[in-house]
Amino acid sequence: MGASSNMKSKKKNNVWESFLRHFHRPAEPSSEEENVTSSVITVEEVTGSHVFNIDRYSVQKLNAKGRFLQSATFKVGGYDWHLMYYPNGDTRARNCCASIYLKCNAANNVAAQWTYTVLNQKGTQLWKSCKSNIYTFDNAKCNSWGYSNFLNKWVFESGVRKDDCLVIKCTVTIVKESVQKCVL
């Protein structure tokens, strides 16, 4: 039993030594020095929120499909933003369900994600959307993103109708990536 165990140990050592010889060869001396560089990608997030109050919602709901209400401009991450709320849906929506879009007034690419929260007048949360994916806002291509089927009947019945007021809180997170090159 001792000899068999000793043989297995020698076999393991031989396999290990063969592996080390094959993959861990000592560096060969070189007359030239190797130039090594590295880079690091860092991600910075800046978050801000805006509360958009729509009083007398029942009157606003009489607007035609495609007509929107615009929030005041607010700043997050050094960029100007505003909300565009369509009480009866935008022209892309198949039905007359409310639509909401976040718009960025930036000339270049801005990566951001957001959530919408519907509040009652006391500030109690009635509904909250999932955090969106990260989208790129670009005035040349697409400067607004959002939902064409925003408010469902339950949210409307539970808080909006009672106070005749719609309160939407939009939380925006700007995602800035930067690459830094380092010389070692």
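1. Start with strand E4, residues 79–86. E4 is mostly covered: of its eight residues, seven are buried. The model is predicted.

2. E4 pairs with strand E5, residues 99–104. Six bridges join the two, and they run antiparallel. For a place to look, take methionine 84: its bridge partner in E5 is tyrosine 101.

3. E4 also pairs with strand E3, residues 74–76. Three bridges link these strands, again in an antiparallel arrangement. Valine 76 stands opposite tyrosine 79 of E4.

4. Look next at the turn. E3 and E4 form a hairpin with two residues between the strands. Glycine 77 takes a positive phi there, near 65°.

5. Strand E2, residues 69–70, is another antiparallel partner of E4, joined to it by two bridges. Which residue of E4 is the bridge partner of leucine 69? That partner is tyrosine 85.

6. Now turn to threonine 117. This residue sits in strand E6, which covers residues 110–119. Is threonine 117 buried or exposed? Threonine 117 has a relative accessible area of 6%. Buried means under 20%, so threonine 117 counts as buried.

7. What is threonine 117 in contact with, once its neighbours within four places in sequence are left aside? The contacts are Gln125, Trp127, Lys128, Val167, Ile168 and Lys169.

Conventions:
Residues are numbered from 1 along each chain as its sequence is written. This is a predicted model: local features need pLDDT of at least 70, side-chain atom pairs count only at pLDDT 80 or more; totals for chains, interfaces and linings use all residues. Side-chain values use heavy atoms; hydrogens and water are left out. Helices (H or I, at least four residues) and strands (E, at least two) are DSSP runs, numbered from the N terminus. Buried means under 20% relative accessible area, exposed over 50%, partly exposed in between (1.4 Å probe, protein chains only). Contact means heavy atoms within 4.5 Å. Two strands pair if DSSP finds at least two bridges between them.
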